[in-house]
Amino acid sequence: MDFLIVLTAAVVASVLLRHPLHKAPVAFYALAVVLDVAYVVGIEGLLPRVAMGPLTLLMGKCMLSLALFVVVMYIGVFAKGSKAHQWLKPVRAELSIVACILACGHMAVYLASYAPRLGSAMGANVVSALVVAVALLVLLLVLGVTSFGFVKRRMRTESWKRLQRWAYAFFGLVYVHLMLMLAPAASRGGEAAVASVAVYTVVFGAYAVLRVRRAWCDQQTGTDAEATAAGAAELSASDEGHLASA
C-alpha cells in the first residue's frame, strides 16, 4: 500500500534529517510551502503530468502530511530513555509544523472544491466528512501555530500543555475523516479502500493502545519515584531522631 511506503520513507527521513531539521527548521518549512504552492499550481493544470503524479499522491491524498503526523504521534509512545525518543523528541515540534503546513495545501484545495456545493443537496457522508474537515482545520491552525517556539515561550506552561492535549482530538478526527472518505468505496467491496481502512485502523488503533500503556507506565514510574522519595525522607527523619536522642 502506498501509505506504508510513504510512512516508511517519512520515518527514515525524520531520523536521518533530524539534525538539519533542528538547526534550520525554516528551510524545511519553506520546502513544505513550495510543495503546497506546486500542488495548487498543478491543480490548475500548470504542471506536467509527470510532476502531478507524485504531488497527487503526497499532497492530494495528504499522505506525506499524514505520515509525518503518525511519526509525531508515535514519538509519544516511546520511553524517555529510549533511542527513538532521544532521536526524535527534540524535533517533534518541527515535524508537527511541517506536517501542518503540508496539510494546509491539501485542505485548501479540498475545501475549495466543496465551496460551490454548499447550499445544494449533499449526502450525509459528504456532509459529515466536510464538518470533520472544518474541525480539523481549526485544530490544525491552533496546534500548528502554538507549536512554534516563539509562541510557546509567550504562553504559560500549563496553558500550553492543556492546549496541546487537543492533539489527541485532532488525531482521532483524522481517523474519523479517513473512514468517512473511504467508507463508500469500502462498502462496495473496493479492494484498495478495504486495505486502506485496515491499515489506518491498525496504525491508529495501535497508537491508542500504546499511548495508554505509556501513560500508565509513566504514572507507575512517577508513583514509584514518589514512594522512594517518601521512604528516603522517613529514613532521614528517623536517623535525625536517633541522633537527637543519642
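The model is predicted. The chain has 246 residues, and its secondary structure comes to 12 helices and 0 strands. Mean pLDDT is 88. A nonpolar core of 62 residues is the largest in the model.

**Confidence**
- In the chain, 89% of the residues reach a pLDDT of at least 70.
- Helix 2 (residues 18-23) has the highest confidence, with a mean of 97.
- Helix 12 (residues 191-245) has the lowest, with a mean of 75.
- Where pLDDT is low, the coordinates should not be read in detail.

**Fold and surface**
- Read along the sequence, the pattern is α-α-α-α-α-α-α-α-α-α-α-α.
- Take the contacts between residues at least 6 apart in sequence: 69% of them join residues at least 24 apart.
- Buried residues account for 35% of the chain.

**Annotated transmembrane regions**
- An unreviewed UniProt entry places the feature "transmembrane region" at residues 56-79, 91-112, 124-145, 166-186 and 192-210.
- Residues 124-145 are 100% helix in the model, with end C-alpha atoms 32 Å apart.
- Residues 166-186 are also 100% helix. Their end C-alpha atoms are 29 Å apart.

**Nonpolar core**
- The residues with the most contacts inside the largest core are Phe3, Leu66, Phe69, Val70, Leu95, Phe170 and Tyr200.
- Eight helices are named as each giving at least two residues to this core: helix 1 (2-16), helix 3 (25-43), helix 4 (49-60), helix 5 (63-75), helix 7 (92-114), helix 8 (124-145), helix 11 (166-187) and helix 12.
- Leu66 touches Phe3, Val174, Leu178, Tyr200 and Phe204, leaving out residues up to four places away in sequence.

**Aromatic pairs**
- The structure holds 8 aromatic pairs.
- One of them joins Phe170 and Phe171, edge-to-face, at 6.0 Å centre to centre and 65 degrees between the planes.
- Phe170 is buried, at 5% relative accessible area. Phe171 is buried too, at 8%.
- Phe171 also pairs with Tyr207: the ring centres are 6.0 Å apart and the planes meet at 85 degrees, so this pair is edge-to-face.
- The Phe171–Tyr207 pair links distant parts of the chain, with Phe171 in helix 11 and Tyr207 in helix 12, 36 residues apart.
- Both Phe171 and Tyr207 are buried.
- Phe69, Tyr74, Phe170, Phe171 and Tyr207 form one aromatic cluster.

**Val91**
- Val91 sits in the loop between helix 6 (83-88) and helix 7.
- Val91 counts as buried because its relative accessibility is 2%, under the 20% cut-off.
- The C-alpha atoms of Val91 and His22 are separated by 5.8 Å, although the two residues are 69 apart along the chain.
- Beyond its neighbours within four places in sequence, Val91 contacts Arg18, Leu21 and His22.

**Ser96**
- Ser96 lies in helix 7.
- Its relative accessibility is 12%, so Ser96 counts as buried.
- Ser96 touches Phe69, Val72 and Ser147, again not counting residues up to four places away in sequence.
- Of these partners, Phe69 is among the core residues with the most contacts and belongs to the aromatic cluster.

Notes:
Residues numbered from 1 in each chain as written. Predicted model: local features only at pLDDT ≥ 70, side-chain atom pairs only at ≥ 80, totals over all residues. Heavy atoms only, no water. pLDDT = per-residue confidence, 0-100. Helix = DSSP H or I, 4+ residues; strand = E, 2+ residues; numbered from the N terminus. UniProt positions renumbered as here; feature names shortened; annotations may be inferred. Core = buried A, V, L, I, M, F, W, Y, C linked by side-chain atoms within 4.5 Å. Buried < 20%, exposed > 50% of the residue type's maximum accessible area, 1.4 Å probe, protein only. Contact = heavy atoms within 4.5 Å. Phe/Tyr/Trp six-rings, centres within 6.5 Å; stacked < 30°, edge-to-face > 60°.
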